[in-house]
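Reader: I am new to this structure and would like a close look at a single part. Please take the metal site and go on from there to the aromatic rings.

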Amino acid sequence: MHDHDHHHDHDHDHDGHHHPRPASAEELRARALEALLVEKGIVTSDAIDAVIDRYVNDVGPQNGARVVARAWTDPAYRERLLADGTAAIGELGFAGDEGDTMVVVENTPAVHNVIVCTLCSCYPWPVLGLPPTWYKSAPYRARVVAEPRAVLGEFGVELPDEVEVRVWDSTAEVRYLVLPMRPAGTDGLDEEALAALVTRDSMIGTGLPLAPAAA
Ligand code: FE
């Protein structure tokens, strides 16, 4: 799974629907490849299922949320995270395919960061799991670059005019993670409670962390 840069040709995965649809060309190819690999004895279906299961159940945005919560509570960790994302994320045990080189970009009152892969669907798997369908869609990939504020508005993120929006284009080599701003009113929360406020979209830049429940 290291050679992710092999399929920069799938411009037709614009299935932003929530109803059943015919299998896409990629899905059919993936099924055919799996059948062939199993038939040739190169892998077993169980092994493929195990990889999928791992990314569905064990590796997901909860990993990234732990990274963010640690950065919010530990200034030294935050500095290490911004200086060398791969190493600092690795300190928490998150590493591997599709996240070999991680760069963490920090939101501030002056700068809001958003990540995309304009070519296909490069995404930081070890911290966010598998990408959402919209992240892979042609409209998101094109529009977030051309009109980021409009796209953010559609996600419900309204930024003051003076906030600069920076769009980071992921590649096979470099994957980005957004470090969102810690929400107001969270001074008394511990790391675990903070992590629960960190949404997937807030680490892509298309969302903001949740507000703490009124106590
Ligand atoms: Fe990509």
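**The iron site and the aromatic rings**

The iron ion is coordinated by Cys117 (SG), Cys120 (SG), Cys122 (N) and Cys122 (SG), at 2.0 to 2.6 Å. Donors here are N, O and S atoms within 2.8 Å of the metal (3.2 Å for Na, K and Ca); water is not among the atoms, so sites may look incomplete. The model is predicted: local features need pLDDT of at least 70 and side-chain atom pairs count only at pLDDT 80 or more, while totals for chains, interfaces and linings use all residues. Residues are numbered from 1 along each chain as its sequence is written, and side-chain values use heavy atoms, with hydrogens and water left out.

Along the sequence, the donor residues of the iron ion follow the spacing C-x2-C-x1-C. Cys120 and Cys122 are both buried (under 20% relative accessible area; exposed is over 50%, partly exposed in between, with a 1.4 Å probe and protein chains only).

Now the rings. Rings of Phe, Tyr and Trp (its six-membered ring) pair if their centres lie within 6.5 Å; planes under 30 degrees apart are stacked, over 60 edge-to-face, the rest tilted. By this rule there are seven aromatic pairs. Trp134 and Tyr135 form an edge-to-face pair, because their ring centres are 6.3 Å apart and their planes at 65°. Trp134 is partly exposed, at 21% relative accessible area, whereas Tyr135 is buried at 0%. Ring pairs join Tyr123, Trp134, Tyr135, Tyr140 and Phe155 into a cluster.
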